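Student: I would like to go through this model and ask what stands behind each label.
Tutor: Go ahead, and we will set each value against its definition.

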Amino acid sequence: MSPGKQASEREAAAPMAAGARLESMRRRVRLSRLAVLSAIAAGPVALCVAVVSAPTTVQAATSSKPAAVRTAAVAADPGGYAQLFVSVWLRSSADDATSAQARLAQSMAPDIELPAPAPAAGAQSKPESVTAVRSAQREGGTWSVTVAAQYADGSVRYYAVPVAADPVATSFTVTGAPGVVAGPARTEVPKSSYGVTVPEGDLSSAVGEFLAAYLTGAGEVDRYLAPGVRMSAVSPAPYTTVSVQQVSAVEEAAAGQVPADGTKVRVLVQVEARDSGGRWPLGYELTLKARSGRWEVAALESGTAQDGGAR
């Protein structure tokens, strides 16, 4: 037989072999389905056996290639990027475009001109600190970031910075020169829920002793905690003394004698802490629980309270 004829026969046989394999896989799939249906009629145990064995056959009949998993891109907030740009931009000068600050500003915003502060301004033109205070996302992957620059004389200047963001590559570019804008307005503070004034007594003493242990190391914190509560004192202790100035509560039960066991109250505590550097007014939101005629600390959530109207 000639080589050309052998090649032709092999080419003709290939589709037939592929078709036979496909038909064989289809037959196995049909048999697997039949096994599952038979197992349903036979009972729960047989069904479990059939279900365990069926997926392997089906996978072989479909594809051995794992399915691709798609994840949604999350837009990254460019606030930190805009903050860094404004910081180096304000500290750079068009008269010295080769300085480290100027080169960094130009790498972050290649098309933005550098400022040119007057020589007499000197250090007064450079901010002491720069902080991003607001980020607003716009259409097309762009953002507007408001950045506050604070100067040595106490003045603050706000800049709006346009930034383009690529959420896939997590990359940013400043697309326009910063614009000086008015600072954010002060919002209305809702009325505080801490409307009950707590007089001196068991509760105020309990919170005072707890915060003294928590902030000065005066005693063990655990002795003031409710059962099951775990809390560590601030270490190293930042203050030498702590004194309670005012205690306000949500519940009326905090203003009287220690109530029945299990009673919980939420309080806002204003304290004065002292160290070698001076005195510091601090505020703490605590949850206390009554047990055996005394108040115990069940939770500390500093920074979540509002004290407006609680005077």
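Student: What makes β1 and β2 a hairpin?
Tutor: In this predicted model, β1 and β2 form a hairpin with four residues between them. G140 sits in the turn and has a positive phi of about 70°. Strands here are DSSP runs of E of at least two residues, helices are runs of H or I of at least four, and both are numbered from the N terminus.

Student: How do you know that β1 and β2 pair?
Tutor: Two strands pair if DSSP finds at least two bridges between them. Eight bridges join β1 (residues 129-137) to β2 (residues 142-150), so the pair qualifies, and the strands run antiparallel. Within this pairing, T131 stands opposite A148 in β2.

Student: Which rules apply to the numbering and to the values?
Tutor: Residues are numbered from 1 along each chain as its sequence is written, and side-chain values use heavy atoms, with hydrogens and water left out. Because this is a predicted model, local features need pLDDT of at least 70 and side-chain atom pairs count only at pLDDT 80 or more, while totals for chains, interfaces and linings use all residues.

Student: What is the pLDDT of the protein chain?
Tutor: The pLDDT is the predictor's confidence in each residue, from 0 to 100. The protein chain averages 80, and 71% of the residues score at least 70. Over residues 68-72 the pLDDT is below 50, and beyond near neighbours in sequence this stretch has zero contacts in the model (contact means heavy atoms within 4.5 Å). Residues 304-311 also have a pLDDT below 50, but that stretch has 19 contacts beyond near neighbours in sequence.

Student: What makes β6 and β7 a pair?
Tutor: Two bridges join β6 to β7, and the strands run antiparallel. The rule asks for at least two bridges, so this pair meets it.

Student: Why is G195 called exposed?
Tutor: Exposed means over 50% relative accessible area, buried under 20% and partly exposed in between, with a 1.4 Å probe and protein chains only. G195 has 59%, so G195 is exposed. G195 is found in the loop between β5 (179-181) and β6 (196-197). G195 and V267 are 72 residues apart in sequence and 9.8 Å apart in space, C-alpha to C-alpha.

Student: Why does T287 count as buried?
Tutor: The relative accessible area of T287 is 16%, which is under 20%, so T287 is buried. T287 lies in strand β9 (residues 278-291). Leaving aside neighbours within four places in sequence, T287 is in contact with several residues, including K264, V265, E296 and V297.

Student: How do you know that R266 and E251 form a salt bridge?
Tutor: A salt bridge is a side-chain nitrogen of Lys or Arg within 4 Å of a carboxyl oxygen of Asp or Glu. The closest N and O atoms of R266 and E251 are 3.0 Å apart, so the pair meets the rule. This pair links distant parts of the chain: R266 is in strand β8 (residues 264-275) and E251 is in the loop between β7 (241-249) and β8, 15 residues apart. At 40% relative accessible area, R266 is partly exposed. By this rule the count comes to five salt bridges.

Student: What makes E272, R274 and R279 a network?
Tutor: E272 forms a salt bridge with R274, at 3.2 Å between the closest N and O atoms, and the side chains of E272 and R279 meet in another at 3.5 Å, N to O. The three residues are therefore linked in a network of salt bridges. E272 is buried at 18% relative accessibility, R274 is partly exposed at 40%, and R279 is exposed at 52%.
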